Amino acid sequence: MSVETQLPLWRVWVWPAVIGITIAVANVLVFILLPPDLVERLGALGYLGAFLSAGIANASIVVPVPYYPLLIRLGQALNPYGVAVAAAAGSVLGELVAFYAGRSGRKAMERTAFYEWVHRQMQHRWRAPVVLFVLSAPPNPFFDVAGIIAGAVGVPVWVFVATVFAARIVRMGLVVILGYTIFGGW
């Protein structure tokens with residue numbers, strides 16, 4: 001028999017904090033080092049560039065891709081509201097990868113307390129969209145878990161898409177508009 005020891009609460013939060021700070025620093029560096037010709041090329045694609053960059057970045061389940069700086073630059077070159085909506089649509093399309101991974105029925109995750117909590121919420125018709133929205137609106141890695149579980153427990157795809165799209169309009173809108181305002185705009 002093995003005895004499981006509980007980690008102190010501060011150690012449970014250190015690793016996610018280090019990851020969050022690393023991702024934030026990576027986004028700032030990408031914003032500073034983003035080649036202007038890349039922005040021009042994606043800007044030539046118009047809103048399709050925002051759609052594709054958000055879709056590809058959100059299709060990655062494990063590795064976070066820093067695409068916010070690119071969206072900010074596109075928001076400076078194009079209408080920021082249009083960029084936010086296009087990025088939200090691409091983001092939803094990318095998140096469908098996790099959703100359909102859950103639908104496939106393969107066991108891809110360890111059953112943690114968070115997993116169990118989300119699993120219970122996804123089994124309720126009215127709680128599932130609320131939890132999906134709350135986890136999808138802010139940038140966090142936990143949404144992939146919710147997306148996989150939503151697919152696994154049979155949340156209807158239209159509920160998933162509509163909820164995540166609404167939440168991602170909030171997220172992308174804040175990223176693009178704040179970036180546009182702070183780094184050059186109105």
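1. In what order do the elements of the protein run from the N terminus on? They run α-α-α-α-α-α-α-α-α, and the protein accordingly has 9 helices and 0 strands, where helices (H or I, at least four residues) and strands (E, at least two) are DSSP runs numbered from the N terminus.

2. On the basis of the note: this is a predicted model, in which local features need pLDDT of at least 70 and side-chain atom pairs count only at pLDDT 80 or more, while totals for chains, interfaces and linings use all residues. Residues are numbered from 1 along each chain as its sequence is written, and side-chain values use heavy atoms, with hydrogens and water left out.

3. On the whole chain: of the 186 residues of the protein, 39% count as buried, a term that means under 20% relative accessible area, with exposed meaning over 50% and partly exposed in between (1.4 Å probe, protein chains only). Residues 24 or more positions apart account for 82% of the contacts with a separation of 6 or more, a contact being heavy atoms within 4.5 Å. The accessible surface comes to about 10900 Å², of which 71% belongs to carbon and sulfur atoms, as given by the Shrake-Rupley method with a 1.4 Å probe.

4. On the annotation: UniProt, in an unreviewed entry, places the feature "transmembrane region" at residues 12–34, 46–69 and 81–101; such annotations may be inferred rather than shown by experiment. Over residues 81–101 the model is 100% helix and 0% strand, with the end C-alpha atoms 31 Å apart.

5. On the aromatic residues: a search of the whole structure finds 4 aromatic pairs. The rings of Phe99 and Tyr100 have their centres 5.3 Å apart and their planes at 85°, so this pair is edge-to-face (rings of Phe, Tyr and Trp, the last by its six-membered ring, pair if their centres lie within 6.5 Å, and planes under 30 degrees apart count as stacked, over 60 as edge-to-face and the rest as tilted). Phe99 is buried at 0% relative accessible area, whereas Tyr100 is partly exposed at 43%.

6. On a second pair: the rings of Phe143 and Phe160 have their centres 6.1 Å apart and their planes at 25°, so they are stacked. This pair links distant parts of the chain, since Phe143 belongs to helix 8 (residues 143–153) and Phe160 to helix 9 (residues 157–183), 17 residues apart. Phe143 is buried, with a relative accessible area of 1%, and Phe160 is buried as well, at 0%.

7. On how these residues come together: Phe99, Tyr100, Phe143 and Phe160 form one aromatic cluster. Arg168 lies over the face of Phe143, at 5.1 Å from the ring centre (a charge sits over a ring if NZ of Lys or CZ of Arg is within 6 Å of the ring centre and within 35 degrees of the ring normal).
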